[in-house]
Structure formats: C-alpha cells, structure tokens
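Thanks for coming. Please have a look at the chain on the screen, and then I will go through a few of its side chains.

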Amino acid sequence: MGSRGERNGIKMTEIHGPVRVRFAPSPTGFLHLGGVRTAIYNDLLRQKMGGAFILRIEDTDKERSDEAMTRQIQAALSWIGVHWDEGPFLQSERLPLHRERAEELLAAGKAYRCFCTQEELEAQRAEMQAKGSAFQYPRTCLGLSREDIDARVAEGRPFVVRFQMPDDHIRFHDMVRGDMDFPPDALDDFVLLRSDGSPTYHMSVVVDDIDMKVTHVIRGEDHLSNTPKHIPLFLALGGEVPTFGHLPLILGPDKKRLSKRYGATSVEEFRNEGILPHALYNFMALLGWSPGDDREIMERDEMIQAFSVDRLNASAAVFDREKLLWMNTQYMLKTETAELRPHLEPFLEQAGLQDVDPDRLAAALELHRPRAKTLKELAEQVVPYFQELPGYDPAACAKFLKDPAVPELLETLRDRYTALPELTKEALEAGLRALSEEKGVKAGVLIHPTRMALSGAAGGPPLFDLVETMGKEVMERRMTRFVAFLREAAGAGQG
RNA sequence: GUCCCCAUCGUCUAGAGGCCUAGGACACUGCCCUUUCAAGGCGGCGACGCGGGUUCGAAUCCCGCUGGGGAUACCA
C-alpha cells in the first residue's frame, strides 16, 4: 500500500464538479442522531462541491408514517442548519411512477411474476436455514410458460413481481469502504411489486434516485447489502448508477446500536436540553469524520472547506454525550450573547423570565454565559436575579455558621452598600476591601457569605459583578434575610 | 445458521511500512491562575484485540482466530 490515491488501502474517490445528493428519511419517528449525521455529510459534500441537496421523505409505509413526523424532520434539519435545495418530495405521491417503471421491466423481460405463496417461501427459507445455507428465492416461477402465467392470472391468483438478478458478481466502489464485491449467490431475485401492486422500497428508491438524477448516495451501513440489489436495477432501468458511500452506525456506550435507554437520541431532545445547533452539527460531523489535523471546534465553512469523503471513517463510533456537552460549552463561550438570544428565548420563558427587566437580564446573561454548559442551564442560572431564593446551599453554608462574626460583618457591609449613591463594581469592591481591612479579616470572609446571601450558591460570577447586576434593593433584602438565617441556625445549633 | 462489514487510550480520533518512545481531544487526575464557580495554562494516567506470515523494518500489507456490528421480508 502507500501509493498515491490510496488511503488505508482504500482507493480515493474522485469527485469532480457539482453533485446531486439526497437525504431520504422515513417519517416513522423523530430525526435521530444517525439520521442527522447522514444529513450532515450529505450537506458538507453538497456545499463543498456545489450542486443540490434533495430532501425526499420515504413515507411509503403508511402504517408507520406520520405527517407530523415529516414536519418534525424538516424542522430538525432547518434547526441544525442543513438546508435542502429541492423537495421535500413525498415518495408516497410517486408510487404510480414506480409501479409504471416496474411494469416496464416486466414487459421487457427483466422482471417476472411470481405466484409462490408466503407460506411456501417461508417453508423453503426454514429448510435452507436448517441445511445451514443462505436462502435465495429458487426462481420457481422464472421458468413459467406464457400459458401458465396467463392461466394463473386469469384464475385471479395473486402474484408479486420479482427482479431477475444478473448471475454476475456485483462490484462497486464504496466511498467509505473501498471496493466491494458481492458474489451472485449472495443475492436473489427480490420483489419489486407486492401482490397488491404497490412498489417495494427497492423499486421506489432506485426510480427516485434515477428520476432525481442523484449522483452520490451517502447512507447508513444498514443499506450496504441493499446496494448490490440496487445497482443492477439502476442498470435495468437505464439509469446512471450513483456513487455510494455507507456510513457505519452510531453506537451507545455499551457498543450496541444507540437506543433510548442512554438518553436523548433525537435532535429535538438535544434542542430541548439547550444544545446549540452549531455545536451539535460540529460534534456529529466529527463522529466519523475528521479534517486530518487537530482541529475540533470548526465553523461550518471551515468544515465544508476541509470535507472529503475519503476521510469518512469505516468503523462505528460510540456517541459520547460528555464530549458533546464540552463542545456546547465551547460554543456558549464563543457565541456573543446577542447571537444566543433567539435560541435562548424558549428557555427563558420556561424559567418564567419572559417579562423581566431587559437590561438586568442582559447583564445577568452576560455574566453567566461563560459558566453554563447549555442554554437551559444558563436560563436557570439567571433565575435568582429575578425570583426569590428557594434556599441556601446547606453544605456551603456550614463554614459561615462556624464564624460568629459573620452576621455582624454582613450587616455592616449591607449598611455601607446601602449608603452608596450607586452600586458600581468599583465602589462595591472598595467598600468591601476597606471593611475587611478595618476589621482585620480577609476579604474572602466577607465575599463568600455575601455571595451566598445574594445567590444562594457557593459559586458563580465575581461578587461585585453579581451585586451590581442585582441592584441595591435586592441586595439589601437578601443580606438581611441571610443574616437572620445565620443567627437562627446558630441559635438552633447551640440550644 | 449463512452472507457482508468493522477493529489504535474508557470515549472521539491522528496514523498512507522507517518520521511512533504512537500525536490531539473528551472524561479522570495533580499543580498554576483566581474572592468562588466556570474558562484557561502546565503536567499525569491511559491504546495499536490475539496468533501467524511478508519485510532489513509492521499500528500500517496478507492469512487465521477472537470480538463487535449489519443484512438475511410482499419494512423502509
């Protein structure tokens, strides 16, 4: 190995000029992580090469498809920043075309009617399984004479239409896995039209991909074994065979297929947890792809620039929510508060902060944005500026209780602060430091209980910023209340 | 069962036969910065699944094993 044009023994895929890619989810649930990642790679390829991103909703399974889900999927894609140039096309509306094309194959002798019943097939399948070999449709009905067929049709016997697979190896170059080779005994004559005349998935995708002039198909690994079926079908229908790339699955921490039991698996859930769309996009893009250097936090344009299908990984990746949270923190840190606001609004509302003094809110958000992992957390951190404190962190209060001087110190500080003409950071700090010097105590002895009094928490933004933002009235009230709390706790402790 | 795919720290990854004493990131952890928290800086812990080849030399190429995953529908 090592010749140019190869990477890990996989021949590089050359892509020239504009591409036509598609994302074709079935609306049987919310858009899940595997789905977004597929959409993201299609998006990156499309943005990089130019061309079109086609959104096609594969809603042919009416039993499981839901119109609301179709809207959800679009909303999720828009939210995360994947935009489509064409569509959404509903596959269910295209069924007559698919059927028509299948009938053409039948007429052309490239497909045939099969009258075998499901029971018969089931029995054959069981028999083959018992013998330890793979089941292939034994082509019972391929040899049927014209008369036999006509007679059975006339009888009204139900039939499916099967595609006659070629007896050759099917070879193709997979963008992520390299050269694939499927021997003829691995494939069988699959069904194109069901006995009710409806086209199967295989028929629909291939017709649609031809019709929509799709050039590159990036999809999940679960389709890898469908591809050798689809390729001869493309050919039989006279279509251009697109270039395929099959993405590995995303796994849960147990290395099994990602499932609900490990928390959120849909885009909506991450949105509701306060994850920023760009962070999720960035994170998912890196789950199975890397720019080849050490960059991790990347702007979308930067990812587009660096994107190459040759750098798509063939091995499955475990989804790590801790790292997503870290990445989201990075985005919280670097995104201006003003830019964050639209995303933050629903969380503020949820926290009951919709009708609050806007200047104070803005100041509080500015203070807490660099300390929050998620939008939801940010909204929650800002609540104490506007609503009464539910209580004080008991573990963190323990040390203030030990120092009997604290209540009086806090009262003095409160009075001096109240006397200030204006609560500015500078004045607040000068006042506190002067008091600490006067009383011969370290500044921390005043700072920590004051923070606890005002915010109820042991951590948070620098104290003087906190006080300035809360304002005199809140400061006064909370200092008084905390002093009372300390005295009561001390009294209870002694008696 | 059969077919197919995959295999580097716990996790995401870099690695294109000598640049590898295997690099980066998350997590964990020590120190620093600091009024606290967060962020940040500097360290630490920590991996080429196993066995055979090929080669002067293998994480890298080949074979086997093991492990994991997918597919085996008139579902998509």
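A residue is called buried under 20% relative accessible area, exposed over 50% and partly exposed in between, using a 1.4 Å probe and protein chains only. This is a predicted model, where local features need pLDDT of at least 70, side-chain atom pairs count only at pLDDT 80 or more, and totals for chains, interfaces and linings use all residues. Residues are numbered from 1 along each chain as written, chains are lettered from A and ligands numbered from 1 in written order, and side-chain values use heavy atoms, without hydrogens and water.

Now the rings. Rings of Phe, Tyr and Trp (its six-membered ring) pair if their centres lie within 6.5 Å; planes under 30 degrees apart are stacked, over 60 edge-to-face, and the rest tilted. By this rule there are 14 aromatic pairs. One of them is Tyr41 with Phe307, which is stacked because the centres are 6.0 Å apart and the planes stand at 25°. Tyr41 is buried, at 1% relative accessibility, and Phe307 is buried too, at 3%.

What kind of pair do Phe234 and Phe244 make? Their planes are at 70° and their centres 6.3 Å apart, so the pair is edge-to-face. Phe234 counts as buried at 1% relative accessibility, and Phe244 is buried at 2%. Together with Phe172 and Phe182, Phe234 and Phe244 form one aromatic cluster.

Last, the backbone. Most peptide bonds are trans, and most residues other than glycine have a negative phi. The bond between Gly87 and Pro88 is cis, with omega about 5°. Lys255 has a positive phi of about 70°, and Lys255 is exposed at 60% relative accessibility.
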